[in-house]
Amino acid sequence: GTSVDAWRLGKPLLEEAIRLLPGDPRAPLALGEQARAHREFDTALRGFRETIRLDPRQTSPYTSFFTLCSRAGRWDVAREALEGWTKAHPEVVQAHVTLGEVHLRRARFYAARQAYERALELDPEEPSAHVGLGFVALEEERSSVALEHAERAAKRASLQVRERLLAMRGVALTRQGKHMEALADLEVGLRCEPLPRGVAEAYLCGLFWKRGDRKSLEALERGVFGGLNPGRDKMLWADYFWRRGEHGKAFDALLRGRRLDPDEPDLCVMAARFSLSWGRPHNPRRALDWVRAGVGVWPDDENARFMVQAAVAHARLFQYDKSSRLLELAKQEHPTRQSVYKNEADLGNRMEDYPRAIAAGLRALELEPTDPYTMALLADAYMGQSKPAEALKWLERSYERIPSNGAIVVSRGLARFDTGDFEGARADLELARKDPGARDRHEFKLLEAHLLAREGKLEGEVRERLRDIASQKRFRWAQPRAAALLQGE
C-alpha cells in the first residue's frame with residue numbers, strides 16, 4: 001500500500017494509544033508528526049499540544065509545531081500557543097526560542113529579541129537563541145554583532161541548528177562584502193525550512209557577484225529558493241533586474257508581487273529603496289508612496305525602517321525638519337538600529353550641521369564598526385569642516401572595504417588634493433574615471449577642475465560644470481570651492 005493507506009490505518013491506532021496511555025508523550029508526538037506529514041493541520045496541532053502538555057521540556061515538539069504553523073501560514077495560532085506555553089513553563093528554554101522564531105518570521109524583531117534574550121538568561125550558550133539574535137542584528141544592520149552570535153552558536157550547534165547558523169552567517173558576510181566566504185555558507189543555509197529572511201537575497205547577490213547574471217538567472221528559473229511566498233519570489237526577480245540595470249522590469253516585478261501577496265511588507269521596503277537610489281529612478285515622492293503602503297501591513301511597533309526611508313525621502317526633498325523629526329522618533333523607539341544614526345549623519349551633512357553628522361556617524365560605527373558608507377559620511381562631514389586630513393583617514397578605511405566604489409575613490413582624491421598629495425589625487429581621478437556613476441558626481445567634476453586649474457587648463461566644458469556646481473546650494477561645501485575656482489583663486 002501507499003503511505004496514505006498506512007496513515008489511514010495507523011491514525012486510529014495512534015488515537016487509541018493516546019487513550020490507553022494518557023501520560024505517555026510518545027503517542028501524541030507520533031500522531032502530530034504523521035499528521036503534519038499528511039497535511040492534517042488540526043490533528044497535528046492537537047498532537048503537538050498534547051505532547052507539550054505532557055512533557056514541556058522536550059525540544060522536538062516545539063520545532064515540529066513551528067514548522068507546521070509555518071507551512072500553513074498560521075502564525076496567529078503559533079504566537080498564541082507559544083505565549084501561553086512560555087507563561088505556563090517559563091523555565092523551558094525551547095519555548096522562548098520558538099516564540100522568538102515566530103516573532104522573527106513575522107518581522108517583530110524587538111519582540112523576537114526579548115524572547116531570545118529570555119532563553120539566554122536560562123542557558124547563556126543556547127545556540128538557537130544566538131542564531132536568532134544574529135538575525136535580529138542583521139535587521140538592525142549590525143553584521144559584526146551577527147557574526148559574534150554565529151561564533152558563540154557554533155560551539156553547541158546541532159545539524160539542524162547549524163543550517164540556520166550558516167544561513168545567518170552567510171547573510172552577515174554578504175553584508176560585509178565577503179561574497180566568496182558567504183556563498184559556501186548560504187548554499188547550506190538554503191536547506192532551512194522555512195527559509196530565513198534575507199538568505200535567498202544574499203545568495204542571489206553572491207551568485208551575481210561571483211558568476212554573473214546568467215548564473216543568477218538560472219538559479220531563479222530553477223526555483224532553488226524553495227518555500228518562498230509569491231511576494232518574496234517576485235522580490236528576488238526584482239533584485240535580479242535591478243542589478244542588471246533593468247529598473248522598469250524591477251518595479252514591474254514588485255508590482256506583480258504586491259498583487260499576489262499584498263501582506264508582504266518587504267516588497268514596499270525594496271520599492272522605496274529602489275525609488276531612493278541615485279540612478280534614473282530617483283524619485284523621493286514615489287518612495288514616500290511606497291512607505292505609506294508598507295506601513296499599512298507592517299507591525300505597528302516595528303516601523304523603524306519605514307521611518308528611516310521616509311526621513312531619507314524628505315531629506316532628498318529638502319524637507320529637513322520632517323526628516324529630523326522622523327529620525328528622532330526612530331531613535332526613541334529603536335535605539336539600536338544602525339541605519340537611524342547613519343541617515344542622521346547624512347542629514348547633518350545636508351544641513352551643514354557637521355558636529356551633528358559626526359556625532360551620529362560615530363554612534364552608527366559603535367553599532368556596526370565595519371560599515372564603509374558611514375565612514376564615508378564622516379569623511380564628508382570633516383571635508384565640510386575643512387579638515388581633509390581627518391576626512392582622508394575615514395576614506396582610507398572605507399576604501400579598504402569597498403575598493404570598487406568610485407564615489408569613495410573620488411572623495412579620497414579630493415581629500416588628497418587638499419592635503420597636498422597631487423599625484424595621489426590624480427591617480428584617484430583616473431581610477432574613478434572607470435566608474436560611470438562616479439563620473440557623474442559633482443566631486444569628480446570638482447577634482448578634475450582642481451587638477452586642470454593647477455596646469456592652467458581650466459576651460460570649456462569643465463568651466464560649465466563648475467558653474468553648475470557653484471549655482472546650487474545643494475552641493476554644500478563644494479559650492480564655494482567651485483565659485484572660487486571660477487574666479488581664479
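In the predicted model, helix 6 (93–105) and helix 8 (127–139) each contribute at least two residues to the lining of the largest cavity. Helix 6 gives the most to this lining, with three residues. The largest cavity has a volume of about 100 Å³, and the residues that line it are Phe66, Glu101, Leu104, Arg105, Phe135, Glu139, Arg164, Pro194, Leu195, Pro196 and Arg197.

The structure holds 12 aromatic pairs, and one of them joins phenylalanine 66 to tryptophan 75 in a tilted arrangement, with 5.7 Å from centre to centre and 55 degrees between the planes. Both phenylalanine 66 and tryptophan 75 are buried. Another pair is formed by tryptophan 237 and phenylalanine 241, whose ring centres are 6.0 Å apart and whose planes meet at 35 degrees, so this pair is tilted as well. Because tryptophan 237 and phenylalanine 241 are four residues apart in helix 14 (residues 230–243), about one helical turn separates them. Tryptophan 237 is buried, and phenylalanine 241 is buried too. These two residues are also members of one aromatic cluster, which is made up of Phe208, Trp237, Tyr240 and Phe241.

The charged end of arginine 454 sits over the ring of phenylalanine 422, at 3.8 Å from its centre. Arginine 286, in turn, lies over the face of phenylalanine 251, with a distance of 4.0 Å from the ring centre.

Individual residues within helices were then considered. Threonine 67 is located in helix 4 (residues 60–72), and because its relative accessibility is 11%, which is under the 20% cut-off, threonine 67 counts as buried. When residues up to four places away in sequence are not counted, threonine 67 touches Arg36 and Glu193. Aspartate 185 is placed in helix 11 (residues 179–189), and with a relative accessibility of 8% aspartate 185 therefore also counts as buried under the 20% cut-off. With neighbours within four places in sequence left aside, aspartate 185 is in contact with Leu166, Ala167, Arg169, Gly170 and Leu173. Aspartate 185 and tryptophan 75 are 110 residues apart along the chain, and a distance of 28 Å separates their C-alpha atoms.

Glutamate 141 has a phi near 65 degrees, which is a positive value in a residue other than glycine. Glutamate 141 is found in the loop between helix 8 and helix 9 (143–153), and because its relative accessibility of 29% lies between the cut-offs of 20% and 50%, glutamate 141 counts as partly exposed. Serine 386 likewise has a positive phi, of about 60 degrees, although serine 386 is not a glycine. The loop that holds serine 386 runs between helix 22 (372–384) and helix 23 (388–401). With a relative accessible area of 62%, which is over the 50% cut-off, serine 386 is therefore exposed.

Notes. Residues are numbered from 1 along each chain as its sequence is written. This is a predicted model: local features need pLDDT of at least 70, side-chain atom pairs count only at pLDDT 80 or more; totals for chains, interfaces and linings use all residues. Side-chain values use heavy atoms; hydrogens and water are left out. Rings of Phe, Tyr and Trp (its six-membered ring) pair if their centres lie within 6.5 Å; planes under 30 degrees apart count as stacked, over 60 as edge-to-face and the rest as tilted. Buried means under 20% relative accessible area, exposed over 50%, partly exposed in between (1.4 Å probe, protein chains only). A charge sits over a ring if NZ of Lys or CZ of Arg is within 6 Å of the ring centre and within 35 degrees of the ring normal. On a 1 Å grid over the protein atoms alone, a cavity is a set of points where a 1.4 Å probe fits but cannot get out, and a pocket is an open set with protein on both sides within 12 Å along at least five of seven lines; lining residues have an atom within 4 Å of a point. Grid points are joined across faces, edges and corners, and a volume is the space filled by probe spheres set on the points. Contact means heavy atoms within 4.5 Å.
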